[in-house]
Amino acid sequence: HYACGYNYIDGWLNVDIMSKGPAGYKYVNLLEQHPFPDDHFSYAFCEDFIEHISQADSLVFLQQVHRTLTRG
């Protein structure tokens, strides 16, 4: 769950740039390379985030999401 803010979803890895959160939360700068391996996640969810970043940053973000999703 990318750019989760304080909206944590149970059963998901919730990531954002905040310094800390509950269990299941991880600090990640979404405008840089994500600290996850290739083909790692089956699903990705992001709500109300991409419209707040530049077009160049959105390309970095979307490339990283694509890289970490499983193929097919």
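1. A residue counts as buried when its relative accessible area is under 20%, and as exposed when that area is over 50%. Partly exposed residues fall in between. Keep these cut-offs in mind for the points below. Note too that this is a predicted model.

2. Start with Phe49. Phe49 sits in the loop between E2 and H1. Its relative accessibility is 14%, so Phe49 counts as buried. Which residues does Phe49 touch, leaving out those up to four places away in sequence? They are Ala3, Leu30, Leu31 and Phe61.

3. Now take Phe45. This residue is in the loop between strand E2 (25-27) and helix H1 (55-68). Its relative accessible area is 31%, so Phe45 is partly exposed. Phe45 also belongs to a nonpolar surface patch, together with Trp12 and Tyr43. The patch covers about 340 Å².

4. Which residues of H1 are buried? They are Ser58, Phe61, Gln64, Val65, Arg67 and Thr68.

5. Ser58 is in helix H1. Its relative accessibility is 11%, so Ser58 counts as buried. Its side chain reaches the backbone oxygen of Gln55 at 2.6 Å. Setting aside residues up to four places away in sequence, Ser58 touches Ile50 and Ile53.

6. Val65 is also part of helix H1. Its relative accessible area is 11%, so Val65 is buried. What does Val65 touch, again not counting residues up to four places away in sequence? The contacts are Tyr2, His34 and Ala44.

7. Finally, compare sequence with space for Val65. Val65 and Ser54 are 11 residues apart in sequence. Their C-alpha atoms are 16 Å apart in space. Phe49 and Val65 are 16 residues apart in sequence. Their C-alpha atoms are 13 Å apart.

Note on methods
Residues numbered from 1 in each chain as written. Predicted model: local features only at pLDDT ≥ 70, side-chain atom pairs only at ≥ 80, totals over all residues. Heavy atoms only, no water. Patch = residues over 30% accessible without salt bridge, like charges linked within 9 Å, V, L, I, M, F, W, Y side chains within 5 Å. Areas by Shrake-Rupley, 256 points an atom, 1.4 Å probe, with all protein chains shown as cover. Salt bridge = Lys/Arg side-chain N within 4 Å of Asp/Glu carboxyl O. Helix = DSSP H or I, 4+ residues; strand = E, 2+ residues; numbered from the N terminus. Buried < 20%, exposed > 50% of the residue type's maximum accessible area, 1.4 Å probe, protein only. Polar contact = N/O pair within 3.5 Å; in protein donor to acceptor, adjacent residues only side chain to side chain. Contact = heavy atoms within 4.5 Å.
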